[in-house]
Amino acid sequence: MRRLDTTTRLTVAAMSSAIGVVCLYAASIVPAIKLALMFLSSLCIWIPLNEPKGFPFALLTYIATGAISLLIIPDKLYSAAYLLFLGCFGMIKYGFDRLIPDRFVSFALKIIACDIISALAFLLTIWILELNIFTMIPEIPLWIIIVALQVAFALYELLYSLCAKVFDVSFRELIVPRR
């Protein structure tokens, strides 16, 4: 398999950013498929990330997608979700999967990383935005919310892994040809 030159990797990163921004913008205006489009925006980081020496280009995709979405999407909640969790999850996953050979330990560490990101987002909401999250959450015990988040993170990781594998096997050669 031929390696991609820097120009091609930069082009792939730019196209991934464009697709990610379009998915986030569409999620903000089409309520019926909001979650699916936000999930697709998070998968766009995988396209440059899983190339050889692709991390800097994936980071560029993350920054560009976040910045452009902040500029053009009226509801900043979608941009915040991308910047705080959706965009960085692909890089977290890639790092843990590459550095830790044991799949169970890697999975557990990814869940812990998602918990830390959620806690930071929660604290950011309280301290910077000065919103009282507890008034927005119905009278549900905190432990139920935490368990629900754990299940959601686990399902997100499994679905992300499945979609990334399908992309790598079926679509990578079509989108990023090596002729």
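**Tour: a pocket and the cysteines**

Start with α8, which gives the most to the lining of the second largest pocket: seven residues. Helices here are DSSP runs (H or I, at least four residues), numbered from the N terminus. This is a predicted model: local features need pLDDT of at least 70, side-chain atom pairs count only at pLDDT 80 or more, and totals for chains, interfaces and linings use all residues. Residues are numbered from 1 along each chain as its sequence is written, and side-chain values use heavy atoms, with hydrogens and water left out.

Next, select 76-99 (α5), 103-127 (α6) and 142-175 (α8); each helix supplies at least two lining residues of this pocket. A pocket is an open set of points on a 1 Å grid over the protein atoms alone, where a 1.4 Å probe fits, with protein on both sides within 12 Å along at least five of seven lines; lining residues have an atom within 4 Å of a point. The volume is about 480 Å³. Now show Lys 93, Asp 97, Arg 103, Glu 157 and Ser 161: of the 20 lining residues, these are the closest to the centre.

Move on to the cysteines. Disulfides (cysteine sulfur pairs within 2.5 Å) number zero. Select Cys 114: its closest cysteine sulfur, in Cys 88, is 8.1 Å away, too far for a bond. For Cys 163, the closest is in Cys 44, at 12 Å, also too far.

Note on methods:
Points joined across faces, edges and corners; volume = space filled by probe spheres on them.
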